[in-house]
Amino acid sequence: MSSVPKLNKPQPRWLVFGLLALGLALLPFLVDAGLGRSWVRLLDLALLYVMLALGLNIVVGYAGLLDLGYVAFYALGAYVYAWLASPHFGLHLPFWAILPLGAALAGLFGVLLGTPTLRLRGDYLAIVTLGFGEIIRIFMNNLNAPVNLTNGPQGINLIDPVRLGEFSLSQPHALFGYTFTGVHLTYYLFLLLVLAVIFISMRLEDSRIGRAWVAIREDEIAAAATGINTRNLKLLAFAMGATFGGLAGGLFASFQGFISPESFNLMESIMILCMIVLGGMGHIPGVIFGAVVLTLLPEALRYTGDWQRTLFGQIYIDPADLRMLLFGVALVAVMLYRPAGMIPSARRRQEFADAKG
Amino acid sequence: MDIFLQQLINGLVLGSVYALVALGYTMVYGILELINFAHGEITMMGAMVSLAVIGALALAAPGLPGVLILGAGLAVAIPVCMALGLLIERVAYRPLRHAPRLAPLITAIGVSIILQNIAMLIWGKQYIPFPAILPQGRHEILGASISDTQIAILVLAVLIMLTLILVVQKTRLGRAMRATAQSRQVASLMGVDVNRVIASTFVIGSALAAVAGVMVSAYYGLAHYYMGFLLGLKAFSAAVLGGIGNLGGAMLGGLLLGLIESFGAGYIGDLTGGFLGSHYQDVFAFFVLIAVLVFRPSGLLGARVVERA
Amino acid sequence: MTGHTLGWVVVAAALVAGCGDKPQQNGDNQVVLIGQVSPLTGPQAHLGKDNENGARLALDEINAAGLTLGGKKVVLELKSEDDAADPKTATTVAQKLVDEGVIGVIGHLNSGATIPASKIYSDNAIPQISPSATAVAYTASGFKTAYRVMTNDAQQGSVLGNYAVTKLGAKKIAIIDDRTAYGQGLADEVEKAAKAAGGEVVAREYTSDRSTDFMAILTSIKGKAPDLVFFGGMDPQAAPMIKQMKQLGMQAKFLGGDGAQTPKLIELAGADAEGALASNPGLPLDAMPGGSAFKAKFEAKYGKIQNYSPYAYDAMHVMIDAMKRADSSDPAKYLAELPKTDYQGVTGRIRFDARGDITGGAVTLYQVKDGKWQTLETVQSGK
């Protein structure tokens with residue numbers, strides 16, 4: 001660690017970060033101009049899924065706990081937001097009060113649901129977490145009686161958008177002579193929170209806690225033998241993951257303005273899991289990549305009709321029918337050619353090379 | 001009493017279908033430690049293929065006895081599903097045998113989506129009716145009612161399970177399967193062709209799924225390209241409940257899950273004084289599952305093995 | 001890391017670039033885009049396709065007849081999208097249609113998808129007519145752009161509950177719903193109306209929109225000996241439910257809503273369907289002027305009507321009718337004409353109240369006799 005070579009190193013690094021920041025800041029405008037506003041909306045959703053995927057990554061990627069009920073925490077965050085900021089109970093609290101509350105409550109539930117599963121491993125853990133996810137969804141779907149908590153399958157409508165004073169994220173605003181629409185502003189809010197989640201994830205990964213999680217993932221018994229408190233650390237992983245899920249849920253509720261239990265089904269949990277496995281488990285860039293690709297891919301595949309027309313001059317298969325088929329093919333193909341994910345961590349790549357040899 | 005008996009019959013019939021599908025999950029898991037998520041879709045394919053044959057035959061030769069038509073449907077559906085199982089194993093799972101554990105799970109989900117959409121392209125988005133070719137007899141026992149179809153499902157399921165146990169316990173292939181489940185490496189050193197055994201496991205599991213698919217569509221009178229997902233999920237839960245990897249466990253788990261669902265939906269309202277209704281049927285089923293696993297982390301009949309890392 | 005994000009978006013941009021259809025001048029004709037959204041994949045895909053076909057038939061007819069607005073010849077083009085009955089996809093698709101410059105939307109099919117999408121159409125001042133969303137909440141949001149051509153759950157449910165007690169003479173009623181926004185909404189209204197009419201609800205059971213096994217809840221219901229079983233849900237559940245009622249030897253009548261009043265129900269339940277009752281909003285198709293002609297045209301082109309295609313067909317006509325009166329395809333202009341709609345469609349006479357609901361919607365009851373849905377009678381909903 002000599003101090004001399006550092007002199008010229010920071011410059012390119014800052015340049016890269018600066019360009020990246022500029023790129024991210026300009027992205028919604030480029031996308032809006034080039035592809036249309038629906039793609040800006042999709043970017044917002046992609047950021048939301050990045051947040052969810054990073055949260056689940058803590059549980060599955062770092063601590064190695066296969067969780068198939070992650071969507072429950074997402075639902076919880078969404079419902080907390082809806083309860084406190086919609087005509088349902090007539091409450092309209094500001095978002096900066098609700099979001100942390102929803103995230104904290106989801107975290108608490110993470111511990112609560114994590115506790116009975118501590119002894120379980122692998123696929124047994126998967127089915128129990130799946131069960132918890134379904135139980136929460138079923139309660140959300142049915143708690144319109146005897147007391148109307150969730151409004152049942154009808155869902156909760158007219159949820160307040162994120163708003164600061166008179167400044168609402170659902171309306172366009174003119175700033176610096178340019179009109180920012182709701183989806184643009186939402187993008188910046190989500191981006192800010194995603195950056196925070198990335199920062200926390202990175203710090204966790206490099207901390208004692210992160211290394212302890214990896215130890216538990218690789219061999220729980222050995223980890224316990226080295227003095228790691230596996231129970232507390234596993235619960236911490238559940239809590240951290242759930243907190244991010246709850247945060248994303250609150251944002252989802254404010255973004256959509258309407259939530260109902262059908263948004264929080266098992267398929268959603270499976271899709272989030274697909275994102276992290278496809279991208280590269282336990283590796284932040286991989287997880288982000290997976291989340292973005294899997295959010296955008298099914299939408300991009302809507303254009304297969306146009307591709308068919310360009311290539312063959314007519315449409316052979318209805319694009320709607322082809323879309324999910326191609327999505328399935330993509331899932332299989334990626335896993336066959338890159339079983340450790342699109343952007344695996346160095347450690348995983350090494351493990352895979354070892355296993356093969 | 002008659003209601004209790006009726007719920008018992010309902011639960012047993014439902015449970016034996018779950019058990020047949022659960023066997024497919026548990027056999028593959030026992031040997032590969034892989035959740036074959038696409039198994040539910042193979043059941044769906046079995047139902048769709050057999051219905052296509054049955055529908056065509058019922059139209060072409062209306063005079064034919066129903067059981068014969070059904071047999072023809074099965075005779076086509078079983079080999080098709082076997083081939084499908086073999087193909088899936090070859091293409092989606094074998095190349096990933098040494099990959100990280102979750103990789104084959106994702107290909108399995110991908111294969112499920114592919115199978116669903118292929119079925120949708122072939123047979124359309126419609127629910128397909130099962131033609132009324134089977135005898136619709138109904139028998140009353142102590143105030144409860146049981147139909148010919150239900151009796152046939154119960155008998156067939158028991159016969160198939162007994163045959164399977166015989167195959168696994170008494171034949172060469174069965175011995176090779178058990179050896180492979182114990183240790184793939186040692187088995188191959190002993191001269192077992194591991195690849196062949198694994199392929200056979202998929203083939204047998206798929207054949208069972210085909211039969212289960214035909215049963216389901218005959219029992220409920222319809223088939224649909226989306227029917228495999230929920231059935232697969234339930235059967236998988238049943239396999240875990242019984243102790244995944246254990247044949248007896250899958251049968252027990254399937255029957256238990258059928259009974260839990262039946263009695264749960266039937267009695268939960270009365271038991272809780274109307275506070276919880278049949279909408280909490282699945283909550284009840286999952287709650288039992290979770291309770292069992294918390295106290296017996298390897299399922300009811302699962303062996304308590306120290307997990308290899 | 002995020003460099004990849006950027007990279008991927010650029011790739012997506014390259015793929016999609018030039019694919020977007022923008023309104024274009026086609027010779028002297030002005031091309032106008034109209035959106036249609038319904039689930040074209042997933043368990044309800046058959047209903048989604050049916051809606052698309054209904055809308056497309058109307059659009060083709062209007063194009064064939066020629067449409068002139070503001071002195072310009074206008075050619076309509078349908079942009080049909082799949083929302084997979086998913087609320088999140090519904091908002092994405094809604095935004096996509098808005099981007100592509102549609103001037104109106106026929107859809108969506110499910111209430112759960114229609115409600116979140118309606119906010120986006122409202123924000124962009126694009127009129128929306130749903131052929132089949134029946135949840136009360138849809139028009140209760142107060143959006144000026146939200147309309148529907150089908151009676152809502154409250155209207156249909158009150159007719160059904162009242163009819164079960166007063167006309168069918170059911171004193172003891174069992175109610176099952178499938179825990180979807182549609183099924184639960186309808187079942188709750190039926191329960192209210194049945195109680196108000198002096199009926200007793202002896203059992204309230206629940207299932208899901210994926211189930212096919214109802215033996216357990218039906219056995220429990222059988223123990224309470226109701227005169228009638230009402231089911232709020234769709235035909236894929238209603239058909240096996242009817243079969244299983246027969247199998248358990250239940251004598252109770254079966255009554256369903258519009259989700260069950262389909263030819264598919266008879267096809268799926270076979271001989272067991274005989275005697276089953278169900279309602280559908282509006283008047284019977286054959287009784288309507290132009291109804292049987294619609295049926296013939298539709299079936300010649302797309303095969304059997306599944307359920308809501310006549311409503312999608314009417315919704316499209318209502319929208320174009322408003323454009324004709326405004327003599328413009330400008331959403332702001334023809335939106336002002338929509339409340340004044342008085343259109344004779346194949347499903348009935350269509351007029352809207354202040355919320356965008358159909359006024360005085362009639363509900364017709366049908367029964368399966370000799371393997372066919374026969375009309376029993378038409379009741380005015382009075383709401």
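**Reading the labels in a three-chain model**

Trainee: Ala125(C) lies in the loop between α4 and β6 (128-130) of chain C. What makes Ala125(C) exposed?

Mentor: The model is a predicted one, and the label rests on a count of neighbours. Ala125(C) has 12 other C-beta atoms within 10 Å, and a residue is called exposed if that number is 12 or fewer, so Ala125(C) is exposed.

Trainee: Is Ala85(C) buried or exposed, and how do you know?

Mentor: Ala85(C), in the loop between β4 (72-82) and α3 (87-99) of chain C, has 25 C-beta neighbours inside 10 Å. The cut-off for a buried residue is 20 or more, and therefore Ala85(C) counts as buried.

Trainee: How do you know which peptide bond is cis, the one that joins Gly107(C) and His108(C)?

Mentor: The omega value tells us, for it is about 0° at the bond joining Gly107(C) to His108(C). His108(C) belongs to the loop between β5 (105-107) and α4 (111-123) of chain C.

Trainee: Why does the largest nonpolar core lie between domain 1 and domain 2 of chain C?

Mentor: That core has 347 residues, and Ala237(A) and Ala19(B) are among those with the most contacts inside it. Helix α2 (residues 37-62) of chain A gives the largest share, 19 residues. Because domain 1 (21-151 + 288-352) and domain 2 (154-281 + 363-380) of chain C both contribute residues, the core lies between them.

Trainee: What does Ala237(A) touch?

Mentor: Leaving aside residues up to four places away in sequence, Ala237(A) touches Ile58(A), Val59(A), Tyr62(A), Ala63(A), Leu65(A) and Trp213(A).

Trainee: How do α1 and α5 of chain B pack?

Mentor: Helix α1 (residues 2-32) and helix α5 (residues 148-170) of chain B pack at an angle of about 35°, with their axes 10 Å apart, and α1(B) passes α5(B) in a left-handed crossing. The contact includes Ala19(B) of α1(B) and Ala157(B) of α5(B), and its residues divide into 13 nonpolar, 2 polar and no charged.

Trainee: What makes up the contact of chain C with chain B?

Mentor: Here 31 residues of chain C are in contact with 26 residues of chain B. On the side of chain C, α2 (45-65) and β9 (200-206) are among the elements that each supply at least two residues, and the residues of that side divide into 13 nonpolar, 9 polar and 9 charged.

Conventions. Residues numbered from 1 in each chain as written. Chains lettered and ligands numbered in written order. Predicted model: local features only at pLDDT ≥ 70, side-chain atom pairs only at ≥ 80, totals over all residues. Contact = placed C-beta atoms within 7 Å. Helix = DSSP H or I, 4+ residues; strand = E, 2+ residues; numbered from the N terminus. Nonpolar A, V, L, I, M, F, W, Y, C, P; charged D, E, K, R; others polar. Core = buried A, V, L, I, M, F, W, Y, C linked by C-beta atoms within 7 Å. Domains from an automatic or database assignment. Axes fitted to C-alpha atoms, helices over the stretch in contact; angles between N-to-C directions. Left-handed = near helix turned anticlockwise from the far one by under 90°.
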